[in-house]
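These are my notebook entries on one protein model. I set out to record how the chain is arranged and where selected side chains lie.

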Amino acid sequence: SVAWAGLKTLWFNTGTLCNITCANCYIESSPTNDRLVYLTRSDVEPYLDELTAPAEIGITGGEPFMAPEIIGIFKAVLTRGHSLLVLTNAMRPMMRPRVQAGLVDLAGQFPGRMTLRVSLDSHDEALHDAERGAGAFEDACTGLRWLAGAGIGLAIAGRKALHEDEAAARAGYSKLIAALGLGLDAGDPKQLVLFPEMIARDDPPEI
């Protein structure tokens, strides 16, 4: 048994549907994989109501912005006093006008309590698109620029290529961050979370 030491982060998965198909997705999300149905606000609220103190609530997928009730889910989290961490590819589902308006509204109502952590497989466009498909890097960069311009809390989840050490990877992301005008510190492990490259059939390191 493991002694209960308190809640650090409560995670919700919004479903397996995603707007893209990544080569190494851990749950094989895609535009056609609906094995996990969309999460709804009514699914989430009973668990939020069990919490007795403010906590970090993590949202992942699939692509969370594919879920029709995603803005309502965010609002349910934030109105209860929790902080919100959303993992997203920052592509077209996030860039719909209704979703953008909802994000701007929530960021204004709950300053400093919502962070969108955008996944990039590389600071190099070719390597990123090899994993996520042609044009994915450009679309993600468009989303990143919009988030920064809208004043919405932002972080990046990046990946180190096999030929890179951590210093080289952070230097590469730092150049990208500067080029996009994101105002992030690539040396801060919370603003740029770096994961190792995954190798098929290999024993991956702990994350």
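Entry 1: I began with strand 5 and strand 6, which run parallel and are joined by 4 bridges. I count two strands as paired if DSSP finds at least two bridges between them. Helices (H or I, at least four residues) and strands (E, at least two) are DSSP runs, numbered from the N terminus. Within this pair, I found V193 in strand 6 as the bridge partner of A157. The chain passes from strand 5 through helix 6 to strand 6, and I noted this β-α-β crossover as right-handed. The term applies if, with the strands pointing away from the viewer, the path from the first strand over the helix to the second runs clockwise.

**Entry 2: conditions of reading.** The model is predicted: local features need pLDDT of at least 70 and side-chain atom pairs count only at pLDDT 80 or more, whereas totals for chains, interfaces and linings use all residues. Residues are numbered from 1 along each chain as its sequence is written, and side-chain values use heavy atoms, with hydrogens and water left out.

Entry 3: In what order do the strands of the open sheet lie? I read the order 1-2-3-4-5-6 for its 6 strands, with parallel pairing. Strand 1 (9–13) and strand 6 (192–195) are at the edges; each has a single partner strand, so one side of each lacks a neighbour in the sheet. Direction ignored, neighbouring strands of this sheet are turned by 20° against each other on average. Helix 6 (residues 166–180) packs on the sheet, where I see it touching strand 5 (153–159) and strand 6. The direction of helix 6 makes about 135° with that of strand 6. Contact here means heavy atoms within 4.5 Å; axes are lines fitted to C-alpha atoms, for helices over the stretch in contact, and angles run from 0 to 180 degrees between N-to-C directions.

Entry 4: I59 has V86 in strand 3 as its bridge partner. Strand 2, helix 2 (residues 70–79) and strand 3 form a right-handed β-α-β unit.

Strand 3 (residues 83–88) pairs in the parallel sense with strand 4 (residues 114–119) over 5 bridges. Along this pairing I located L85 opposite T115 and L87 opposite R117.

Entry 5: Is H82 buried or exposed? At 2% relative accessibility, I list H82 as buried; buried means under 20% relative accessible area, exposed over 50%, and partly exposed in between (1.4 Å probe, protein chains only). H82 lies in the loop between helix 2 and strand 3. Its C-alpha atom is separated by 6.7 Å from that of I57, 25 residues away along the chain. Apart from neighbours within four places in sequence, H82 is in contact with L48, L51, A53, P54, A55, I57, V77 and R113.

H128 belongs to helix 4 (residues 125–132). I list H128 as buried as well, at 1% relative accessibility. With neighbours within four places in sequence left aside, the contacts of H128 are S119, L120, D121, S122, A136 and F137.

**Entry 6: the chain as a whole.** I counted 6 helices and 6 strands in the protein chain, in the sequence pattern β-α-β-α-β-α-β-α-α-β-α-β. A compact globule of 207 residues would have a radius of gyration near 17 Å, and the 17 Å of the protein chain agrees. This radius is taken over C-alpha atoms, and the globule rule is 2.2 Å times the number of residues to the power 0.38. The C-alpha trace spans about 45 × 45 × 35 Å along its principal axes. Buried residues account for 44% of the 207 residues. Of the contacts between residues at least 6 apart in sequence, 70% join residues at least 24 apart.
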